[in-house]
Amino acid sequence: MDCNEKCKKEAMAQCLKDAGCEDTVIERFLEDFGSGRLKESIRILQKHRETLLDDLHRGQKRIDCLDYLIFMLQTKKSWICCGQKIDVEKECLRKASDKARE
């Protein structure tokens, strides 16, 4: 392998590492790509992309839940949690009353 090829391989490996790929995925990609198995190389990249996108969607759903809770608390409304309706103002008053009795 000449210097130019080695530099390309190292650059690809670094790009994959920056994209969060595991070492085993990087090795498999480089082996397939180096052997001219372009379709398999692309499949590896697409699979990792799907994983990252799934992680992103899970994270977005969690953020949405927190945003909803923050909004409901700020507006002192009620919300449904685990199938139960929670009245924010009543719950806060009850907690304050319980604490005052302690």
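Which residues make a nonpolar surface patch of about 260 Å²? The patch is made by Phe33, Leu38 and Ile42. Patch members have over 30% relative accessible area and no salt bridge, and nonpolar side chains (Val, Leu, Ile, Met, Phe, Trp, Tyr) are joined within 5 Å, like charges within 9 Å. A salt bridge is a side-chain nitrogen of Lys or Arg within 4 Å of a carboxyl oxygen of Asp or Glu. Areas come from the Shrake-Rupley method with a 1.4 Å probe, and for residues only the protein chains shown count as cover.

This is a predicted model, in which local features need pLDDT of at least 70 and side-chain atom pairs count only at pLDDT 80 or more, while totals for chains, interfaces and linings use all residues. Residues are numbered from 1 along each chain as its sequence is written, and side-chain values use heavy atoms, with hydrogens and water left out.

**The chain as a whole**

The chain has 4 helices and 2 strands, in the order α-α-α-β-β-α along the sequence. Helices (H or I, at least four residues) and strands (E, at least two) are DSSP runs, numbered from the N terminus. Of the 102 residues, 14% count as buried. Here buried means under 20% relative accessible area, exposed means over 50%, and partly exposed lies in between (1.4 Å probe, protein chains only). Among contacts with a separation of 6 or more, residues 24 or more positions apart account for 10%. A contact means heavy atoms within 4.5 Å.

**Two helices compared with their expected span**

The expected span is 1.5 Å times one less than the number of residues.

| Helix | Residues | First to last C-alpha | Expected span |
|---|---|---|---|
| α2 | 12 residues | 16 Å | 16 Å |
| α3 | 37 residues | 53 Å | 54 Å |

**Helix α2**

In α2, the buried residues are Val25, Ile26, Phe29, Leu30 and Asp32. Seen down the helix axis, they fall within an arc of 165°, so they line one face of α2. The arc is that of the directions from the axis to the C-beta atoms. An α-helix has 3.6 residues a turn, so residues three or four places apart point the same way. On the other side of α2, Thr24, Glu27, Glu31 and Gly34 are exposed. The buried residues of α2 pack against α1 (3–18) and α3.

Ile26 has a relative accessible area of 7%. Leaving out residues up to four places away in sequence, Ile26 touches Ala13, Leu16, Lys17 and Cys21. Ala13 is 13 residues from Ile26 along the chain, and their C-alpha atoms are separated by 6.2 Å. Asp32 is buried because its relative accessible area is 6%. Apart from neighbours within four places in sequence, Asp32 is in contact with Arg37, Glu40, Ser41 and Ile44. After α2 comes Gly36, with a positive phi near 80°.

**Helix α3**

Helix α3 covers residues 38–74 and includes Ile42. The buried residues of α3 are Ser41, Ile44, His48 and Met72. Of these, Ser41 and Ile44 are also among the contacts of Asp32. Just after α3, Lys76 takes a positive phi of about 55°.
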